[in-house]
Amino acid sequence: MVGSTNAMEPESSLQAVSAKQRPNAFLDWVRWATRTPRVIASGGFILLLALAALAAPLITIGEPAQIRSGEQHRPPSLEFPLGTDEFGRDIYTRLIYGARITLIVSIVSVAIAAIVGTTLGMLSAHFGSPVDTILMRFADGILAFPGILLALFIIAFLGTSVVNIILVIGFLYIPRFQRVAYATTLSIQENDYIEAYRAIGARTGRILARGVLPNILAPIIVQISLAMGTAILLEAGLSFLGLGPPPSVPSWGRTIQQSSRFMNLSAYGVIWPAVIISATVLAFNILGDALRDRLDPRLRT
Amino acid sequence: MIAYLLRRLVHTAILSFIIVTVVFMMIHLLPGDPATMILGGEDAQPTQEDIDRVKTELGLDQPVYRQYVTWLGKISRLDFGVSFRNNEPVASTVLLKRLPRSLMLGIPATLLAIAIGVPLGILGARLRRTMWDPIISAVALLGFSVPTFVIGTLLILLFAVRLGWLPAGSFVHPLDDMNGFLKAAALPIVSLALSPLAVIMRMTRSSVLEELGSDYVRTARAKGLAEAPVIVRHVMRNSMLPVITVMGLQFGGLFAGSVIIEFIFNWPGMGRLFLTAIGQRDYPVIQAVVLVVALSFVLINLLTDLSYAFFDPRIRVDRN
């Protein structure tokens, strides 16, 4: 730790004053998040799920694929918190391991889409036509199609693997970010401070990264939260159809499809994954709505 | 209006042409040789003679540009070739047999979503700042957060497995047995309608809310008009534009839903044909389905745009 020297004191007191006058934006955020019930509920759930996925081996019962003969279709008990499935595998363990694949696929694919889409959107807004026209037509083209049809189609030819699914979802979601970045950059560019960047001879990269990006981040963040929700839906849909991650991975969608064949014997294998998929997508949607209400009141629905 | 119509038609024609070209190119960019695929794939170890014979039959030995021209000619005559698997003509299978079966679910689902979603959305807007508002909003949010396949599976669990009221997965043609069809189609239609219903409802609510605050509504109320005609005659007409956009998108999205719903409910429509064809790499069938879906998308977009002009006279004049 830094010792209290005389030289440090004026500076720290100065910081204290300025912090009082201009409240710390980060602290503001923390205060908002901890005082908004729907953020506490949705953010808390997502955080808990992420922690559980990280700590999966520590908090689960054996391996997710561990088959127990004679223990099939057990109802929830102390031994198996959510019961067992048609092979006597612990449903709770499989769901926690399933959360890993769901979160990895959705986080990485949305990150790819956000980075590529935002860059493309800013570039097309900055340079104007004809780059503008070509890139935005391309975005319109992809957006016009239902996601799962294109995904099915591409996956059918690329083959199923975790990497391919991440690439496909990432690719499909580029236009969403492209459009948001495009529209916001267009309006931001009219501001004087962007003109000031130009006046001091800043290059395109600097104008976009330092001048434009910080000011379009709000709608991008909202879009990230909403895209996470639909990315999870898409991944679950693909694995439900057997076109998701390989069978060795206990992905939520595949779990439902497989257990649904035994619904007449026991419904737990279907109900728990149904609950957790819906809750996770709902959490991201609620968080996205809350963020939008705070960051971008104009987009309020 | 005529100029607007013509401009939209030209756009649509160009877009359709691009789609047709992309679908043609797809088959040439695919890994694997179609001729080998027809003969059962690499595992069947077809002889070079057989491969050459199939190539000649399908015209695959021709230069690509000539194949492209042939392909354009063929599809303009609605000739999509024959299925690799059963040698049946693809056009009649897809267009006459499978597409109608998908529409049997898709059209009622859309109508259901609109018939319930729009009134609920208006109700949500009218009940703003009452205890019902957050409840209605929460239900809508839940409606598009729960995946279609979860809704379908849970409906089967409740109504077919537990209660035994409705069949879990069977297909009955309405012309053979209307009663049986209604029973078989009830669960798939409801599962298919739920998510578009939620989206339409949310859109209607926010759009109506926006209009309710405008001057003409105050004027209408001030002149003593009852609330019902204010909503129906003034607000509805003005707030339907964004709702129509969403309806158009949702109807397109129904195909996506129908792939999953037809898979769950064993419904032999176009969605399930598409899944099977992908599994078997039956390229002519895949091509045909993609073409049909893509072109119906274009058509729906066109209709959506034209309905804008119908609802909003400004569009007819402004954009030229």
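Residues are numbered from 1 along each chain as its sequence is written, and chains are lettered from A and ligands numbered from 1 in the order in which they are written. Since this is a predicted model, local features need pLDDT of at least 70 and side-chain atom pairs count only at pLDDT 80 or more, while totals for chains, interfaces and linings use all residues.

**Exercise 1. The two chains**

Task: Find how many helices and strands chain A has, and how many chain B has.

Solution. Start with the terms: helices (H or I, at least four residues) and strands (E, at least two) are DSSP runs, numbered from the N terminus. Chain A has 12 helices and 0 strands. Chain B has 13 helices and 0 strands. Next, look at burial. A residue is buried if 20 or more other C-beta atoms lie within 10 Å of its own, exposed if 12 or fewer, and partly exposed in between, with C-beta atoms placed from the backbone. In chain A, 40% of the 301 residues are buried, and in chain B, 37% of the 320 residues are. Finally, the C-alpha trace of chain B spans about 85 × 60 × 35 Å along its principal axes.

**Exercise 2. Contacts along the sequence**

Task: Work out what share of the contacts in chain A between residues at least 6 apart in sequence join residues at least 24 apart.

Solution. Two residues are in contact if their C-beta atoms, placed from the backbone, lie within 7 Å. Of the contacts in chain A between residues at least 6 apart, 70% join residues at least 24 apart. For chain B, residues 24 or more positions apart account for 71% of the contacts with a separation of 6 or more.

**Exercise 3. Where the chains touch**

Task: Say which helix of chain B gives the most to the side that touches chain A.

Solution. The contact takes 28 residues from chain B and 30 residues from chain A. On the chain B side, H6 (132-145), H7 (148-162), H8 (178-212), H10 (227-264), H11 and H12 each supply at least two residues. H10(B) gives the most, with 7 residues. For the classes, Ala, Val, Leu, Ile, Met, Phe, Trp, Tyr, Cys and Pro count as nonpolar, Asp, Glu, Lys and Arg as charged, and the others, Gly among them, as polar. This side of chain B has 21 nonpolar, 6 polar and 1 charged residues.

**Exercise 4. Two helix pairs**

Task: Describe how H3(A) packs on H12(A), then how H11(B) packs on H12(B).

Solution. Axes are lines fitted to C-alpha atoms, for helices over the stretch in contact, and angles run from 0 to 180 degrees between N-to-C directions. H3 (residues 37-54) and H12 (residues 268-295) of chain A pack at an angle of about 135°, with their axes 9 Å apart. That makes H3(A) oblique to H12(A); angles under 35 degrees count as roughly parallel, over 145 as roughly antiparallel, 65 to 115 as roughly perpendicular and the rest as oblique. Their crossing is left-handed, a word used if the near helix is turned anticlockwise from the far one by less than a right angle, with right-handed used if clockwise. Residues of H3(A) including Phe45(A) and Leu49(A) meet residues of H12(A), among them Phe284(A) and Leu287(A). By class, this contact has 10 nonpolar, 3 polar and 1 charged residues.

Now turn to chain B. H11 (residues 270-280) and H12 (residues 283-311) pack at about 140°, with their axes 9 Å apart. The contact is made by Met270(B), Leu273(B), Phe274(B), Ala277(B) and Ile278(B) of H11(B) with Val285(B), Ile286(B) and Val289(B) of H12(B). It has 8 nonpolar, no polar and no charged residues. The crossing of H11(B) and H12(B) is left-handed.
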